[in-house]
Amino acid sequence: MATIEILSGALSGQTFAFQEEAKVGKDDSCHVRINDPGVSRFHAKIFREGGALVIEDLGSSNGTYVNFKKRSQGEKTALADKDIVFFGRTVTKFWVESPPDKPAGVGVDFLRETVPVKGITWQSADLEAELRSWIKEQEQIEVCRRLRLHQLDPASLDRLLQQSR
């Protein structure tokens, strides 16, 4: 049974399992109901097509991202195990089956086995701490890219930073 695992937001940690089809959005009729300002009423649909599970954006305002790539309205994208899917600001992980049980004390799982880690050289013996730091940096870069913060002039960026404190 395919599963969507919520990795961020108010529903963090929840999973939604389905067989053939799941609609994602704010509407009460959606199988995966996400109350996020960036999620549309009917945001996306995951369904079986030709033996594979595919996702299709249903014309959402903020788009659907699969592995950090925006998908156009009506564009069908095959999903693979451990794909990262953004619905608005909510980050999810797709599992072909249900997610594995997480051992106690393991906190770094957000991008594990999704972002390639080849070429990274570890500077310290504390691999877990360094991995956490690297993943946090990659997440911050992606948030900046998605919000287009890199396109702001310095004065606007300073004003935004002041408001966020």
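**Sheet, rings and charges**

Reader: In β2, which residue is the bridge partner of Ile4?

Author: This is a predicted model: local features need pLDDT of at least 70, side-chain atom pairs count only at pLDDT 80 or more, and totals for chains, interfaces and linings use all residues. Residues are numbered from 1 along each chain as its sequence is written, and side-chain values use heavy atoms, with hydrogens and water left out. Four bridges join strand β1 (residues 2-6) to β2. In β2, the partner of Ile4 is Phe16.

Reader: How many helices and strands does the protein chain have?

Author: Both kinds of element are DSSP runs, numbered from the N terminus: helices are H or I with at least four residues, strands are E with at least two. From the N terminus on, the order is β-β-β-β-β-β-β-β-β-β-β-α-α. The count is two helices and 11 strands.

Reader: In what order do the six strands of the open sheet run?

Author: Strands of a sheet pair through backbone hydrogen bonds, either parallel or antiparallel. Two strands count as paired if DSSP finds at least two bridges between them. Here the pairing is antiparallel, and the order is β2-β1-β11-β10-β7-β8.

Reader: Which strands stand at the edges?

Author: The sheet is open, in the order β2-β1-β11-β10-β7-β8. An edge strand here has a single partner, so one side is left without a neighbour in the sheet. The two are β2 (15-18) and β8.

Reader: What is the average twist from one strand to the next?

Author: Axes are lines fitted to C-alpha atoms (for helices, over the stretch in contact), and angles run from 0 to 180 degrees between N-to-C directions. From one strand to the next, the twist averages 25 degrees.

Reader: How many aromatic pairs does a search of the whole structure find?

Author: A pair of aromatic rings is described by the distance of the centres and the angle of the planes. Rings of Phe, Tyr and Trp (its six-membered ring) pair if their centres lie within 6.5 Å; planes under 30 degrees apart are stacked, over 60 edge-to-face, the rest tilted. The search finds two.

Reader: Why is the pair of Tyr65 and Phe86 edge-to-face?

Author: The ring centres of Tyr65 and Phe86 are 6.3 Å apart. The pair is edge-to-face because the planes stand at 75 degrees.

Reader: How many residues apart in sequence are the parts that Tyr65 and Phe86 tie together?

Author: Tyr65 lies in strand β7 (residues 64-66). Phe86 lies in strand β10 (residues 84-87), so the parts tied together are apart in sequence by 21 residues.

Reader: What kind of pair do Phe68 and Phe86 make?

Author: Phe68 and Phe86 have ring centres 5.5 Å apart. Their planes are at 55 degrees, so the pair is tilted.

Reader: Where is Phe68 found?

Author: Phe68 and Phe86 are 18 residues apart, and their pair links distant parts of the chain. Phe86 is in strand β10; Phe68 is in the loop between β7 and β8 (69-71).

Reader: Is Phe68 buried, exposed or partly exposed?

Author: Tyr65, Phe68 and Phe86 form one aromatic cluster. Buried means under 20% relative accessible area, exposed over 50% and partly exposed in between (1.4 Å probe, protein chains only). Phe86 has 7% and is buried. Phe68 has 21%, so Phe68 is partly exposed.

Reader: How far from the ring centre of Phe47 is the charged end of Lys45?

Author: A charge sits over a ring if NZ of Lys or CZ of Arg is within 6 Å of the ring centre and within 35 degrees of the ring normal. Lys45 sits over the ring of Phe47, and the distance to the centre is 4.8 Å.

Reader: How many salt bridges does a search of the whole structure find?

Author: Side chains of opposite charge can pair when their charged atoms come close. A salt bridge needs a side-chain nitrogen of Lys or Arg within 4 Å of a carboxyl oxygen of Asp or Glu. The search finds five.

Reader: Where does Arg48 lie?

Author: Arg48 meets Glu20 in a salt bridge of 3.6 Å, N to O. Glu20 lies in the loop between β2 and β3 (21-25), and Arg48 lies in strand β5 (residues 44-49).

Reader: What is the distance, N to O, between Lys76 and Glu49?

Author: Lys76 has a relative accessible area of 43%, so Lys76 is partly exposed. Their side chains meet in a salt bridge at 2.8 Å.

Reader: Which residue does Asp27 join in a polar contact of 2.6 Å?

Author: Asp27 is in the loop between β3 and β4 (32-33). A polar contact is a pair of N or O atoms within 3.5 Å; within protein, one must be able to donate a hydrogen and the other to accept it, and residues adjacent in sequence count only if both atoms are side-chain atoms. The contact is between side chains, and the partner of Asp27 is Ser29.
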